[in-house]
Amino acid sequence: LPVLDRAGDSEWVFPPAEAATPLELQEIRPESHVRRSEQDHQTGNIKLIIEDDFGLYENSEHGLANGSIAREIWEIHPDDPLSAQGNLHWTEEIQRDQISLRTETFSEMWSDETHFHLRARLEAWEGDALIYERDLQDQIPRNGL
């Protein structure tokens, strides 16, 4: 393999990297994050609860504010793998001037001996008015999984 002669003037020096100026964001709602586990001493079920509020921030350049919140609950009984289930609720929001838009999504996942089950709901909101909603449900054969 060729070897670079560092003693000569053949060494290349790259110019400093160029980068965009950082966004100027104004915090409207601060971030907060929760991770906790709970055990139901009657049923023996264990839950992992995740609550991530990623905050709400306004872009100072054009005034668009956006934010999101994720809520997840994962539950299982340690002696029963088929008891595993997940419940999720996510919120995405954008605002500017008098416009306020938001989506709410809800998802559930669980299984039995033969299928994986999925249920989901989407809601779209303009202010306090529900302008779109859709429900979905599906099951997928486990095929030995």
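Reply: **Around His117**

Apart from its neighbours within four places in sequence, His117 is in contact with Glu108, Met109, Trp110, Ser111, Asp112, Asp138 and Gln139; contact means heavy atoms within 4.5 Å. This is a predicted model in which local features need pLDDT of at least 70 and side-chain atom pairs count only at pLDDT 80 or more, while totals for chains, interfaces and linings use all residues. Residues are numbered from 1 along each chain as its sequence is written, and side-chain values use heavy atoms, with hydrogens and water left out.

His117 belongs to strand S7. Helices (H or I, at least four residues) and strands (E, at least two) are DSSP runs, numbered from the N terminus. His117 has a relative accessible area of 11% and is therefore buried; the term means under 20%, with exposed over 50% and partly exposed in between (1.4 Å probe, protein chains only). The side chain of His117 also makes a polar contact of 2.8 Å with that of Asp112. Such a contact is a pair of N or O atoms within 3.5 Å; within protein, one must be able to donate a hydrogen and the other to accept it, and residues adjacent in sequence count only if both atoms are side-chain atoms.

The next step is the pairing of the strands. S7 is antiparallel to S6, with 11 bridges between them, and strands count as paired if DSSP finds at least two bridges. A hairpin of 3 residues connects S6 to S7. Arg102 has Trp125 in S7 as its bridge partner. On the S5 side, 12 bridges join strand S5 (residues 80–96) to S6, again in antiparallel fashion. Trp90 has Thr105 in S6 as its bridge partner. S5 and S6 form a hairpin with 2 residues between them, and Asp97 in that turn has a positive phi of about 50°. In a regular strand, side chains alternate between the two faces of the sheet.

Glu108, one of the contacts of His117, also takes part in a salt bridge: its partner is Arg119, with the closest N and O atoms 3.0 Å apart. Glu108 lies in S6 (residues 99–111) and Arg119 in S7 (residues 115–126), so this pair ties together parts 11 residues apart in sequence. A salt bridge is a side-chain nitrogen of Lys or Arg within 4 Å of a carboxyl oxygen of Asp or Glu. Both ends are partly exposed, Glu108 at 29% relative accessible area and Arg119 at 33%.

Another salt bridge links Arg121 and Glu123, with 2.8 Å between the closest N and O atoms. Arg121 is partly exposed at 22% relative accessibility, whereas Glu123 is buried at 12%. Through shared partners, salt bridges join Arg121, Glu123, Glu133 and Asp135 into one network.

The structure as a whole holds 10 salt bridges. One of them is formed by the side chains of Asp52 and Arg35, at 2.8 Å from N to O. Asp52 lies in strand S3 (residues 46–59) and Arg35 in strand S2 (residues 32–39), so the pair ties together parts that are 17 residues apart in sequence. Asp52 is buried, at 8% relative accessible area, but Arg35 is exposed, at 54%.
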